[in-house]
Amino acid sequence: MANPEISVIIPFYNVGRFVPYCMNSLLAQTFKDFELLCVDDGSTDDTPAILDAYARQDVRVRVIHKRHGGLQAAARNEAIPLTRGKYLAFVDGDDFVGPYYLQSMLDAMDGAVDTMVCMPYLLVDEKEILSGRSIYSRPDDWTMPQVASRPAREEFAEFLAHDVVTESCWGKLMPRAAFGQGFFPAGRLYEDLAAIGKSTVWAQRYVLLDEPAYGYVMRGGSTVHKKRVAEKQVDDYLSAIEEFRRLVGPLLDENSKGLVYREALSLSRLHTLVHDGETDASLRERVDARVHEYLQRHLDEIMRDPYASAMSKVRFRLLKDNPGLYDAVYHAAKRKAR
């Protein structure tokens, strides 16, 4: 395809079981004028062969085979200069999308060249996908997303800081011109949290959709859910928080509590990360000390934050006062969800 309307970038690494779900959902889009740039990041399973088979069957599919870099940032950065579409969208190789994923975002874009379109997502456990119980196997159940709002920049920054809009690059559509060289921070995890600030600063207008058309699959072995948590993973998360603060902070009202909330949210997730896996005691203690110190200092501000939900306020207070109970509640909710 010479000049498709949309280029979709998808990194893959050893997700052979999920490749058909991801690829079939994209090839079943109601919108047809797109290309798929599939980046095989040195997979050692059957992922490369499956992707090559799709490329032989559909001219819209291009496969890039690269040496294993270990992180999605490098795979995405390598694909961006090869895109030919007017707009870029992203999908992770172990996720799937509804039939209206591209059409709904393109309709909301309405030909703009300075806009970011965002949609919510569905959280799906991998067991649902592999057993055929998920919405993936029921395409007629998806609803066409519609425009929910067009927030001004300051309000969009508040939504982003408060996780109303996720920092992930998937579930979004932006003009190709927004993505410069090395857009995603190379060599670091949590590249989305660092990169979303660049997108927010670049865009002049923002559109939020009301329904999800993206299925985020929770896998135990995914890059950011490794069982063994190393010091670099913690440091990358802290660096991403600082990058978010640097870029998004100036967009917020001077009285906003958004950055305080975002850091508390990120630190709570970091706490869960190091307590969920096999983490050295010294690293756990380092994270716990930072979490407790931050909440001790900023909990009163969060309690006065009009954008923070009552549930979030209870969550942060519990983490500050009784982290053991906080962990027990988290694991009970996780077991119930599955």
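Me: Over how many bridges do β1 and strand β4 (residues 87-90) pair?
Reply: This is a predicted model, in which local features need pLDDT of at least 70, side-chain atom pairs count only at pLDDT 80 or more, and totals for chains, interfaces and linings use all residues. Residues are numbered from 1 along each chain as its sequence is written, and side-chain values use heavy atoms, with hydrogens and water left out. Strands (E, at least two residues) and helices (H or I, at least four) are DSSP runs numbered from the N terminus, and two strands pair if DSSP finds at least two bridges between them. Ile-9 has Phe-90 of β4 as its bridge partner, and β1 and β4 pair in the parallel sense, the number of bridges being 4.

Me: Which residue in β2 does Val-8 stand opposite?
Reply: β1 is joined to β2 by 7 bridges, and the two run parallel. The chain passes from β1 through helix α1 (residues 19-27) to β2 in a right-handed β-α-β crossover, where right-handed means that, with the strands pointing away from the viewer, the path from the first strand over the helix to the second runs clockwise. In β2, the residue opposite Val-8 is Leu-36.

Me: How many of the 7 residues of strand β1 (residues 6-12) are buried?
Reply: Buried means under 20% relative accessible area, exposed over 50%, and partly exposed in between (1.4 Å probe, protein chains only). In a regular strand the side chains alternate between the two faces of the sheet. In β1, Ile-6, Val-8, Ile-10 and Phe-12 on one side and Ser-7, Ile-9 and Pro-11 on the other are all buried. The strand is therefore largely enclosed by the rest of the structure, and the count of buried residues is 7 of the 7.

Me: What is the relative accessible area of Asp-45?
Reply: Asp-45 lies in the loop between β2 (34-41) and α2 (47-57). Not counting residues up to four places away in sequence, Asp-45 touches Asn-14, Val-15 and Gly-16, a contact being heavy atoms within 4.5 Å. Asp-45 is partly exposed, and its relative accessible area is 31%.

Me: Which residue in β11 is the bridge partner of Leu-122?
Reply: An open sheet of 3 strands has the order β5-β11-β7, with mixed pairing. β5 (96-97) and β7 (122-125) stand at the edges with a single partner strand each, so one side of each has no neighbour in the sheet. β7 and strand β11 (residues 214-218) run parallel and are joined by 4 bridges. The bridge partner of Leu-122 in β11 is Gly-215.
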